[in-house]
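Take a walk through this model, one element at a time. Keep the sequence and the structure side by side.

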Amino acid sequence: MKQRGIVALKVVAHAACLAPVAWLLWHLYLSTTSDPSALGPDPTHTVTFFTGRGTLRLLMVTLAVTPMRRLIPKLAWLVRFRRLFGLYAFFYACLHLMTYVWLYAGFSWSAIVDDISQRRFIIAGFTAWLLLLPLALTSTAWSIRKLGGKNWNRLHWLTYIAALAGVIHYWWGVKQGVLTPTAITVVFVVLMAARPILARRAATPKGSPSRIPVS
Amino acid sequence: MLILKKSDIPSSEITPKRDYMNRRSFMAAAAAGVAAVAGECALRGVLQPPHVKAAEKLNTIKSPLSTTGVTPTSFEDITHYNNFYEFGPDKGDPAKNSGSLHTRPWSIKVEGLVAKPQTFDIDTLLKLRPMEERIYRFRCVEAWSMVIPWAGYSLSEFIKQCQPLSTAKYVQFISLADSKQEPLPWSAGIQWPYQEGLRMDEAMHPLTLLTFGLYGQELPNQDGAPVRIIVPWKYGFKSAKSIVKIKFVKDQPSTTWNEMAANEYGFYSNVNPNVDHPRWSQKRERVIGAPIFRQLQPTLMFNGYGDQVASLYNGMDLRKNY
């Protein structure tokens, strides 16, 4: 894909990742001015689920890049979007964390400490965010150079654990009998299972996409 | 405005469709797409509620047992934000799916340790005592709360009619479970029919309300029509809906949520900021319908009805008997 195409696609990608945030901010504005029901009857819950689901979906998109590239060698250029999606996932995770700190805990330090030490779904969620933090901080080309490609790659394997912690956080947070986390869990399992399978295929001489940079 | 899915990549870069059909990535994209769309639909269901059926008016008198100094939640929210799993597990499902519930004919069968078993027709029950307006706080175990102007009379009045024997120590409430009228989705994970129970003194307490309406009209289907109980000092799941049978028993009866997850839902389930749910705190609650930055408020012991009900639990360890 040509450079111009990549730039255009990146604009689209940024717009797509930011559009939901714009939607949220707009409805937040509405709910505090003209239409109190703009975010539904339980606005805290609505915002929490919106940002949480957004985080998980973006993480899955990020995790889908490498399998896609291995499956369809022509899509090798997708790796240039991986950082974009990963950082947006972290951005949504921060929004989600802020929702918790502000709207659930009311900025009460004792409430937060209480939750983090006792509520397993909060522990899982906070772990996921903590794991994403070093990844966001080392997302620059400077970091790759400083750490060296191999170490940087290894550090960024934390994405898998962060995504797993996020999915567990979702399951532990819903009421018994609620099955809404199933869809994203299936996506996660498929993406994780696809990696070793596709890596082995890529290593065989027949379809050897040797021109794809090792990521 | 869905987040960028894999299928948003320009078509010139995509493998021909017939090859796609053989590839796992199609499954992943489909699953992600389905999840995205389902999520959108769920969100839309909450934000664009369907219409509520018109209902019969009830003539109510004011009651000294009403809670004062509280602002009732809007009718819109009370009728579109419901946990009524017989009609689906999402908050918007009962409003969408409860149209199939037929509230006439309806009767409550009374069985168990009583002088003689009886069946009470709903229209008889409606005329048994003067209908009172009781404004009560309502607190769900999920940590959200409402204030609802119910219409009904004390359950104790009805219990007197049942003539329970002195051996009856508990009252059990059985809700409708009819697959012809309710979807009863297996995905909710619940064994039907929905069962609840109270200790005799809790059932006889004047606050416990045999409830027929809200906002001066008959209960909308999604709120547990045509008759339910409201026990305002306990978590909302104790307030059984669409009751078809009441049984007086000697031993503590089994209750649905306790059967589902005994470590999370107890028999007493009194609203208590000091006893957390295993997975979330009960110290604070979110007021439904309040503006987003003013939703949080502290949970009140016994949901604010401690003066009237605390004596029922004298000497009981409420942490053990959650």
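What follows covers chain B, then a helix pair in chain A.

This is a predicted model: local features need pLDDT of at least 70, side-chain atom pairs count only at pLDDT 80 or more, and totals for chains, interfaces and linings use all residues. Residues are numbered from 1 along each chain as its sequence is written, while chains are lettered from A and ligands numbered from 1 in the order in which they are written.

Start with chain B. Its secondary structure comes to 9 helices and 13 strands. Helices (H or I, at least four residues) and strands (E, at least two) are DSSP runs, numbered from the N terminus. Of the 322 residues in chain B, 44% are buried. Buried means that 20 or more other C-beta atoms, placed from the backbone, lie within 10 Å of the residue's own.

Now find strand 5 of chain B, residues 144-154. Here 10 of the 11 residues are buried, so the strand is largely enclosed by the rest of the structure. Strands pair if DSSP finds at least two bridges between them. Strand 4 (residues 132-139) runs antiparallel to strand 5 of chain B, joined by 8 bridges. Within that pairing, F138(B) has M146(B) as its bridge partner. The hairpin of these two strands has 4 residues between them, and A143(B) takes a positive phi near 80°. Strand 8 (residues 209-214) of chain B is also antiparallel to strand 5, over 5 bridges. There, W150(B) stands opposite L214(B). Strand 12 (residues 284-287) of chain B pairs with strand 5 in the parallel sense, over 2 bridges. S145(B) has V287(B) as its bridge partner.

Next comes an open sheet in chain B. It has 5 strands in the order 3-2-11-6-7, with mixed pairing. Strand 3 (118-121) and strand 7 (195-199) of chain B stand at the edges with a single partner strand each, so one side of each lacks a neighbour in the sheet. Strand 6 (residues 170-175) of chain B runs antiparallel to strand 7, with 5 bridges. F173(B) is bridged to E196(B) in strand 7.

Turn to chain A. The axes of helix 1 (residues 3-32) and helix 3 (residues 79-104) of chain A come within 11 Å and cross at roughly 15°. Axes are lines fitted to C-alpha atoms over the stretch in contact, and angles run from 0 to 180 degrees between N-to-C directions. Helix 1 and helix 3 of chain A are therefore roughly parallel, a term for angles under 35 degrees.

Terms used. A residue is buried if 20 or more other C-beta atoms lie within 10 Å of its own, exposed if 12 or fewer, and partly exposed in between; C-beta atoms are placed from the backbone. Angles under 35 degrees count as roughly parallel, over 145 as roughly antiparallel, 65 to 115 as roughly perpendicular and the rest as oblique.
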